[in-house]
There are 2 protein chains.
Amino acid sequence: MSLEEVCAEVLGRVTPSEEERRRVYEIAEGVKRRLAEELSRVGLEAEVRVEGSVAKDTWLSGDADIDVFALLPPSVPREALKTTFMEAARRAASGYRQVERWAEHPYLECPLNGLRLNLVPCYRVEPGRWLSATDRTPYHTRYVLQRLNERMKGEVRLLKAFVRGIGCYGAEIKVGGFSGYLCELLAIHYGGFLETLREAAEWRKPTIIDPEGYYRGREDEAAEIFQHPLIVVDPVDRGRNVASAVRVEKLSLFIAASRMFLRKPSLKFFFPPKREPAPPQQLINAIEARGTSLIAAAFNPIEAPPDILWGQLYRAERAIGRLLRKNGFEVLRSGVWSDEKRVCILVYELGAGRLPGVVRHVGPPIWMVEHSQRFLEEHLGSERTLSGPTLEGDRWVVYLRRERRDAVQLLREKLGDGGVDVGVPRLLSESIKETLHVCSEGEIPRLCSKYVGFTQFLTDFLHGRPTWLE
Amino acid sequence: MSLEEVCAEVLGRVTPSEEERRRVYEIAEGVKRRLAEELSRVGLEAEVRVEGSVAKDTWLSGDADIDVFALLPPSVPREALKTTFMEAARRAASGYRQVERWAEHPYLECPLNGLRLNLVPCYRVEPGRWLSATDRTPYHTRYVLQRLNERMKGEVRLLKAFVRGIGCYGAEIKVGGFSGYLCELLAIHYGGFLETLREAAEWRKPTIIDPEGYYRGREDEAAEIFQHPLIVVDPVDRGRNVASAVRVEKLSLFIAASRMFLRKPSLKFFFPPKREPAPPQQLINAIEARGTSLIAAAFNPIEAPPDILWGQLYRAERAIGRLLRKNGFEVLRSGVWSDEKRVCILVYELGAGRLPGVVRHVGPPIWMVEHSQRFLEEHLGSERTLSGPTLEGDRWVVYLRRERRDAVQLLREKLGDGGVDVGVPRLLSESIKETLHVCSEGEIPRLCSKYVGFTQFLTDFLHGRPTWLE
């Protein structure tokens, strides 16, 4: 298929049908009206508007986020957002399943069939006078809407679908990728979908995109201020990088996928085929054939918003990786999987799960008289000393019995108390302390049969390759 | 025992008896007379003199080197040293077992019971006009003799016995330690045995000793010229470092032993107890208990002077160590043993003799467009690729099947042709090509039963600790 054919086919699939549109607008308008009524009933003066991708007509078919915003005057106390606003919102959305969210900011989420409805409070303020995290949204909506015609809405949808297909869609911590607003800005700035990919293929580190030219001629300054690998200066706030959530890995993935797509256009960038989850025993055989060792640490999730949970999971993954390396294990790769409800699993592929019994321990150079003497005294009498002390060059060296040869045992020992002192974040450590289960490849089939999503994850983990590279 | 008691006891043991003296001088004078006669008979004008430790009366009882020197006029062609002189020497030493040596310089060696007789040619030249490697010797003898009284001869003997006891005696490449002349200079310069040890305990790197003050006020220059860890400027040749053969390991050993002896005087520094060679199976059990792997490469020695043989052995030891490390093996320690006649054995203690089946291979950063593309093309199609390519940070990474997992097999493969391309020196590579036998711990008992000295070596190797530290 040519580039044009792929784009046409994708556009057909991701543009909402008239029927979907009707349903979405109906829900949006209904909730908007009811929320306005409820707010006025409790005496909260507010303008209620539909914002986000529904307002901009850039959502992907089957994946709408209906954002109904209440713009409140700055005089409303913050506390009232959690109380008065949320009560009104709950009433306005009665009849829908409701989840209250308050990470940084309170809002009400209602998951519907194939779409999500969000009732969100914000303050109506002048640009730059932001009082809460969502105050910029109405300005974002207006900025984007003014710059999109019908063709450009399609270009935005193509870019969003591409970014979603390669696993880079979403500014939440779990993903660390591109928000919808970022996709819109890129498509507008470069003038289209393919134009964005062609530019991305050439991006350098750091890439600075400044649609309104706030830093024109002072790009170095922007790089200095934001310190992120991708910098897209928010047209409605010169002090904000719209791409601040984009991790270097996801940025790199986007660049690599852009190059590959332009070279070899294919639908699989947009609609990646799911790999068939391998039967657990086949996974184990694959690991054994590799001649490496796979260990897993499983524990219960914590009660926290997903951004908190995933932030702590990634930090724990790194901390435990450091712990393994510090104890001499070769960590080839690691990964995190969680269904956010029943279990979190950290996975490490190690060169070997069991280490040699001897550690080479290099002491001070002979020229450091006191240190040398202390080193000799310490190791001559120790029953951990297997060989030496001996001189290698001008340094004392001893060969010590390794204290922890087994990776599973090491983790059980060091994480048994939650692992705070090896760097596991606090909230997670509570759960680890109570529910940790560490196992090696032999027990992994049991984990797989308990958690189907984990089998899928492990299959992808072992392939370790984006599907668009297959 | 106190320092004084130890020194007195040692002095008693290393000072030659009247009877030993008589025998040594008798042999020396007899050979001197006969060599003079033989040289005059073939028309070589020469002064024949006894040099070295016998002339200086500083030899250690039971370990005399009788050096009979013929001082020839510079007009004698170098070729004549190998022909006319050696013929005369052989006749002068008739009745003794004879070994011709010509490493740098030809001479005749006659091993006798408990001593060695050497018939050595040199040129009688002014200082600085050296024509051959041994021309300085008569000047060395004169310099030392003029500075030794009876007490000081004892001090020199103590120092030599100490250096010998801790395994640092000898400037030959096998040892890389202190020559007899170096010991004499140190004892003279510092005024005695204990004085030398007290100074050595405080040596810094580099230590510059310049008895005649040739570099007074320009010590940095001497350090720059000689580039050795210990610099002792030859009183008879300001361009020569008497300690140039001293390797940093032996220097460090001497310093460490000096400190320890002064702290805890003991006879074992001078007369180290031999460790009982462990039964081979016990050695193997010890290695197994350590949880490491021991491999040995055995091959025939080459026909070459010991300095050549040992120089090449040490270079081969390092080259093969590099080869193992480059292929991912953790080399904990290595050692060389040879009886110089039947076999040479290189020994490596490895963390593991078999490696994981996967190698992590880090590719180019995404920013290098061409490199990235080539990397993808290379690894996407390869059947060595087990996982990936994937992005870690901004770099491509693949996980490849390791080609050589087994250390013994690696050495067999890479040394089968002599190993010149991995850095084995030429002469040795010939023998390795023809006679190499690589084995792991299982076969080591067979090597031990064939070569008793090797069992002793392996026992010491596994202890890996100087006996004076026990």
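**Figure 1. Crossing of helices α8(B) and α10(B) in the predicted model.** Helix α8(B) passes α10(B) in a left-handed crossing. The model shown here and in the other views is predicted. Helix α8 of chain B spans residues 193-200, and helix α10 of chain B spans residues 248-263. Their axes come within 8 Å and cross at roughly 115 degrees. On the α8(B) side, the contact involves B:Leu197, B:Arg198 and B:Ala200. These meet B:Phe254, B:Ile255, B:Ser258, B:Phe261 and B:Leu262 in α10(B). Sorted by class, the contact of α8(B) with α10(B) comprises six nonpolar residues, one polar and one charged.

**Figure 2. Packing of helices α11(A) and α17(A).** Helix α11 of chain A, residues 280-290, packs against α17(A) at an angle of about 25 degrees, and the two axes are 11 Å apart. Angles under 35 degrees count as roughly parallel, and α11(A) and α17(A) are therefore roughly parallel to each other. The crossing of α11(A) past α17(A) is left-handed. From α11(A), A:Pro280, A:Leu283 and A:Ala286 make the contact, while α17(A) contributes A:Thr455, A:Leu458, A:Thr459 and A:Leu462. The residues of this contact between α11(A) and α17(A) divide into five nonpolar and two polar, with no charged residue.

**Figure 3. Interface between chains A and B.** In this view, 36 residues of chain A are in contact with 36 residues of chain B. Four elements of chain A each supply at least two residues of the side that touches chain B: α10 (248-263), β12 (358-365), β13 (385-392) and α17 (452-463). That side of chain A consists of 17 nonpolar, 11 polar and eight charged residues. Of the interface residues of chain A, 100% are also interface residues in chain B, so the copies meet through the same surface.

**Figure 4. Cis peptide bonds in chain A.** A:Lys205 and A:Pro206 are joined by a cis peptide bond with omega of about -10 degrees. A:Pro206 lies in the loop between α8 (193-200) and β6 (207-209) of chain A. A cis peptide bond also runs from A:Gly388 to A:Pro389, where omega is near 5 degrees. A:Pro389 belongs to strand β13 of chain A, and β13 (385-392) is one of the elements that supply at least two residues of the side of chain A touching chain B.

**Figure 5. Backbone at B:Asp57.** Although B:Asp57 is not a glycine, this residue has a positive phi of about 55 degrees. B:Asp57 is placed in the loop between α3 (52-56) and β2 (64-72) of chain B.

**Figure 6. Confidence of the prediction.** Chain A averages a pLDDT of 94, and 100% of the residues score at least 70. The model as a whole scores ipTM 0.90 and pTM 0.83. Where pLDDT is low, predicted coordinates should not be read in detail.

Notes. Residues are numbered from 1 along each chain as its sequence is written. Chains are lettered from A and ligands numbered from 1 in the order in which they are written. This is a predicted model: local features need pLDDT of at least 70, side-chain atom pairs count only at pLDDT 80 or more; totals for chains, interfaces and linings use all residues. Two residues are in contact if their C-beta atoms, placed from the backbone, lie within 7 Å. Ala, Val, Leu, Ile, Met, Phe, Trp, Tyr, Cys and Pro count as nonpolar, Asp, Glu, Lys and Arg as charged, and the others, Gly among them, as polar. Axes are lines fitted to C-alpha atoms, for helices over the stretch in contact, and angles run from 0 to 180 degrees between N-to-C directions. Angles under 35 degrees count as roughly parallel, over 145 as roughly antiparallel, 65 to 115 as roughly perpendicular and the rest as oblique. A crossing is left-handed if the near helix is turned anticlockwise from the far one by less than a right angle, and right-handed if clockwise. pLDDT is the predictor's confidence in each residue, from 0 to 100.
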